[in-house]
There are 2 protein chains.
Amino acid sequence: MAELKALLFDVFGTVVDWRSSLIDDFTAWGDAKGVRGDWAALVDAWRGAYMPSMDEVRRHPERGFVILDDLQRQSVEPLAARLGITGLTAADFDYLTRGWHRLHPWPDSVGGLTRLKSRFIISPLSNGNVALLTNMAKFAGLPWDVILSAEIFRHYKPDPETYLGAAKILGLAPEQVMLVAAHNNDLAAAQTCGLKTAFVPRVTEYGPLQTRDFKAEGNWDYVVSDFDDLAGRLGC
Amino acid sequence: MAELKALLFDVFGTVVDWRSSLIDDFTAWGDAKGVRGDWAALVDAWRGAYMPSMDEVRRHPERGFVILDDLQRQSVEPLAARLGITGLTAADFDYLTRGWHRLHPWPDSVGGLTRLKSRFIISPLSNGNVALLTNMAKFAGLPWDVILSAEIFRHYKPDPETYLGAAKILGLAPEQVMLVAAHNNDLAAAQTCGLKTAFVPRVTEYGPLQTRDFKAEGNWDYVVSDFDDLAGRLGC
């Protein structure tokens, strides 16, 4: 068995709590600006637009790769209008879009990553673009060794180019790399590419709307309770 | 004047002392293996092959981008033969090539970078490939926020695609980004692209073979004595 060298982490939901972070951020911002709106509804609808917007990129390679910041910026304006949130300027929509750069980690994320970094290369492997992931790391104190993003591979997960591209750019064989994620479908795609897999449940990620990923649903190499548990299991 | 947000660092010579590191590493390794050779001559000749090997990539875009590890691996074998270093296996040449991942920082590098990281995004912008820079950061304790490499932009410095690509992938305008380098030609190329520039002299980089870059030779935004001086000048 090849020695494990690098851990790649799904980010939205696995490392950071995007839903609570965005709702709290937008609520405080709206209160300060005097803008009223159902921010939870906006955040949930926005997240709902995420997969279809990436599918659109996948279906139209001739248009070139579009980074997540741009997809999110395109999605939010019609969603706000539909939810009756009015009077927002272009700068306001930019602020909301940059909210995805200001997400808070789950309680165990920073401590667990710091332990894991002592023995392994740790990197995000996220559909977030490089600037988003870099700014988020500064904001949240995520101690990445390197930042790997769909933007670098010009493909969104779960396209195999992302998992295989990550291993290749690190100079490693797929089996020397493990994906850590709270999403069974992400792990299934990584496993098909030959990567090792670790599942960590984040059962409040979608709040009351959570319908899946309450538990491991594949033959993953590790099933852990949180990043500290993973660090312990890997001898860190 | 746009606010400075990110500092990009040339790496070989600016952040790490490649010449002394490689000579010391290979001398100790050769002694342990019983392989005799003029390691200083090999290192100097190898560095001499660096620019021509990148020029070859630049002249033949139809062959695709070739990462620095592969260029270095191709260069070293004939150079060793020419210098009468014989009996090396493929694994030995791989070891020597990976020597570029095991370079030691200058005395001020880690402390200065750590101070600069408190206010700015800090990243390499190097012709070294991503794996090389990632492994070097782990080895030398370089606290990068993100790792930007010629490999990501499929162009070697001083091609403008590297400097402009780095600003773009960070979501910044060129004038919000500063290149820090010990090489006047690197700074000149960055300045042409609209980046800010900082010169730090590393007058022992080439040992007795140093012929240039003893001092600033352009109208750079900052001329500093070392990374600590730069941190002080930038209010870190």
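Biologist: Of the contacts in chain A with a separation of 6 or more, what percentage comes from residues 24 or more positions apart?
Modeller: This is a predicted model, so local features need pLDDT of at least 70 and side-chain atom pairs count only at pLDDT 80 or more, while totals for chains, interfaces and linings use all residues. Residues are numbered from 1 along each chain as its sequence is written, and chains are lettered from A and ligands numbered from 1 in the order in which they are written. Two residues are in contact if their C-beta atoms, placed from the backbone, lie within 7 Å. In chain A, the share from residues 24 or more positions apart is 65%.

Biologist: How many helices and strands does chain A have?
Modeller: Both are DSSP runs numbered from the N terminus: helices are H or I with at least four residues, strands are E with at least two. For chain A the count is eleven helices and six strands.

Biologist: What radius of gyration does chain A have?
Modeller: The radius is taken over C-alpha atoms, and the globule rule is 2.2 Å times the number of residues to the power 0.38. For 236 residues the rule gives 18 Å, and chain A comes close to that, so chain A is as compact as a globular protein of that length. The radius of gyration of chain A is 18 Å.

Biologist: What percentage of the residues in chain A is buried?
Modeller: A residue is buried if 20 or more other C-beta atoms lie within 10 Å of its own, exposed if 12 or fewer, and partly exposed in between; the C-beta atoms are placed from the backbone. Chain A has 236 residues, and the buried share is 46%.

Biologist: In what order do the strands of the chain A sheet stand?
Modeller: Strands pair if DSSP finds at least two bridges between them. Here six strands form an open sheet with parallel pairing. The edge strands, β3 and β6 (222-223), each pair on one side only. The order is β3-β2-β1-β4-β5-β6.

Biologist: Which residue of β2(A) is the bridge partner of A:F9?
Modeller: Strand β1 (residues 6-9) of chain A runs parallel to β2(A), with four bridges between them. In β2(A), A:F9 has as its partner A:P124.

Biologist: Which residue of β3(A) stands opposite A:S126?
Modeller: β2(A) pairs in the parallel sense with strand β3 (residues 148-149) of chain A over two bridges. With helix α7 (residues 130-140) of chain A, the two strands make a right-handed β-α-β unit. Right-handed here says that, with the strands pointing away from the viewer, the path from the first strand over the helix to the second runs clockwise. Opposite A:S126 stands A:S149.

Biologist: Which helix of chain B lies on the crossover from β4(B) to β5(B)?
Modeller: Strands β4 (residues 177-181) and β5 (residues 196-199) of chain B run parallel, joined by four bridges. The crossover between them is right-handed, and its helix is α9 (residues 184-192) of chain B.

Biologist: Which residue of β6(B) is the bridge partner of B:A198?
Modeller: B:K196 and B:A198 point one way from β5(B), B:T197 and B:F199 the other way, and all are buried. Two bridges join β5(B) to β6(B) in parallel. The partner of B:A198 in β6(B) is B:Y222.

Biologist: Which element gives the largest share of the side of chain B that touches chain A?
Modeller: The contact takes 14 residues from each of chain B and chain A. On the chain B side, α6 (130-140) and α7 (150-153) are the elements that give two or more residues. The largest share, five residues, comes from α6(B).

Biologist: Is B:K138 buried or partly exposed?
Modeller: B:K138 lies in helix α6 of chain B. Leaving aside its neighbours within four places in sequence, B:K138 is in contact with A:I121 and A:D145. B:K138 has 15 C-beta neighbours inside 10 Å, so B:K138 counts as partly exposed.
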